[in-house]
Amino acid sequence: MRNDPVVVIGLGRFGTALALELTRRGTEVLAIDSRPKVVQALSGQITQIAIADSTDSEALTQLGVPDFYRAVVAIGNDLEASILTTSLLVDMAVEDIWAKAVSRQHGQILTRIGAHHVVLPEHDMGERVAHLVSGRMLDYMQVDEGFALAKTRPPKEYVGVRLGSSGLRKKFGVTVVAVKSPGEEFTYATAETELSYGDVILVSGRTENVERFAELP
């Protein structure tokens, strides 16, 4: 499945970046957009690229889209085209459909008509940056609803303390997953790991617990 061909429909900034990265990683990509200038600009950079109206079932069939296991609808601004294209992919029984949404309402519609995964790139990036701007986190990722992973520094009171005797999980409900000392690579944290000044740690847990822990001085 990892190397199965992927069809990417819509070559705005998100779709273009996705198609190019998949191609770079060795995945065969069929990219589709209705704008000749966009297709021409990307010609030769993606495995296969075509000009087509993705709301036209016959056009998608001629391009072999129903034969793809995985498809990404990266259309953002044209909500009607996004919804119609996703609906056609569902009718074609494409087994793994990813769709970009520009709002939660748009995402709900895409889910209801059969998209298996809905992504909100602008919302997700805004949420991530908000966590970085407003606190001490070095990086942040919402892994699932209510569960997060953060990169931060160890609080002062836990420097020089072994994780096994720190009581972090009991007190804050978080787990230190990995530790990176200056000049070294990340390594898995164990009960014997002792945190030091200058370390960077990866912490996982419920979102509110991770946020609370990352605010410790």
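The following legends describe close-up views of a predicted model.

**Figure 1. Helix α1 and its buried face.**
Helix α1 has twelve residues and spans 16 Å from its first C-alpha to its last, which is close to the 16 Å expected at 1.5 Å a residue. Four of its residues, Gly15, Thr16, Ala19 and Leu22, are buried. Viewed down the axis of α1, the buried residues fall within an arc of 135 degrees, so they line one face of the helix. These buried residues pack against strand β1 (6–9), strand β2 (29–33) and helix α2 (36–42). On the other side of α1, Arg13 and Arg24 are exposed. After the helix comes glycine 26, which has a positive phi, near 90 degrees.

The side chains of arginine 24 and glutamate 21 meet in a salt bridge, with an N to O distance of 2.6 Å. Both residues belong to helix α1 (residues 13–24), where arginine 24 and glutamate 21 are three residues apart, about one turn of the helix. An α-helix has 3.6 residues a turn, so residues three or four places apart point the same way. Arginine 24 has a relative accessible area of 61% and is therefore exposed, being over 50%. Glutamate 21, at 33%, is partly exposed.

**Figure 2. The salt bridge between aspartate 33 and arginine 35.**
A search of the whole structure finds four salt bridges. One of them joins the side chains of aspartate 33 and arginine 35, at 2.8 Å from N to O.

Aspartate 96 forms a salt bridge with arginine 70, and the closest N and O atoms are 3.0 Å apart. The pair links distant parts of the chain, since aspartate 96 lies in strand β5 (residues 96–100) and arginine 70 in strand β4 (residues 70–73), 26 residues apart. Aspartate 96 and arginine 70 are both buried.

**Figure 3. Helix α5 and its surroundings.**
Within helix α5 (residues 104–113), His106, Gly107 and Leu110 are buried. Seen down the axis of α5, the buried residues fall within an arc of 100 degrees, so they line one face of the helix. Their packing partners are helix α4 (79–91) and the strands β5 and β6 (117–119). Arg104, Gln105 and Arg112 are exposed on the other side of α5. Glycine 114 follows the helix, and its phi is positive, near 125 degrees.

Met141, Val143 and Phe147 make a nonpolar surface patch of about 260 Å². Methionine 141 is placed in strand β7 (residues 139–144). With 45% relative accessibility, methionine 141 counts as partly exposed. A residue must have over 30% relative accessible area to be part of such a patch.

**Figure 4. Proline 154 in a loop.**
Proline 154 is found in the loop between strand β8 (147–152) and helix α7 (168–172). The relative accessible area of proline 154 is 10%, so this residue is buried, the cut-off being under 20%. Leaving aside its neighbours within four places in sequence, proline 154 is in contact with Val159, Leu195, Ser196, Asp199 and Ile201. The C-alpha atom of proline 154 is separated by 55 Å from that of serine 57, and the two residues are 97 residues apart along the chain.

**Figure 5. Tyrosine 188 in strand β10.**
Tyrosine 188 is found in strand β10 (residues 187–188). With 71% relative accessibility, tyrosine 188 counts as exposed. Its contacts, leaving aside neighbours within four places in sequence, are with Val177, Ala178 and Thr193. A distance of 46 Å separates the C-alpha atoms of tyrosine 188 and serine 54, which are 134 residues apart along the chain.

Technical notes. Residues numbered from 1 in each chain as written. Predicted model: local features only at pLDDT ≥ 70, side-chain atom pairs only at ≥ 80, totals over all residues. Heavy atoms only, no water. Patch = residues over 30% accessible without salt bridge, like charges linked within 9 Å, V, L, I, M, F, W, Y side chains within 5 Å. Areas by Shrake-Rupley, 256 points an atom, 1.4 Å probe, with all protein chains shown as cover. Helix = DSSP H or I, 4+ residues; strand = E, 2+ residues; numbered from the N terminus. Buried < 20%, exposed > 50% of the residue type's maximum accessible area, 1.4 Å probe, protein only. Expected span 1.5 Å × (residues − 1). Arc of directions from axis to C-beta. Contact = heavy atoms within 4.5 Å.
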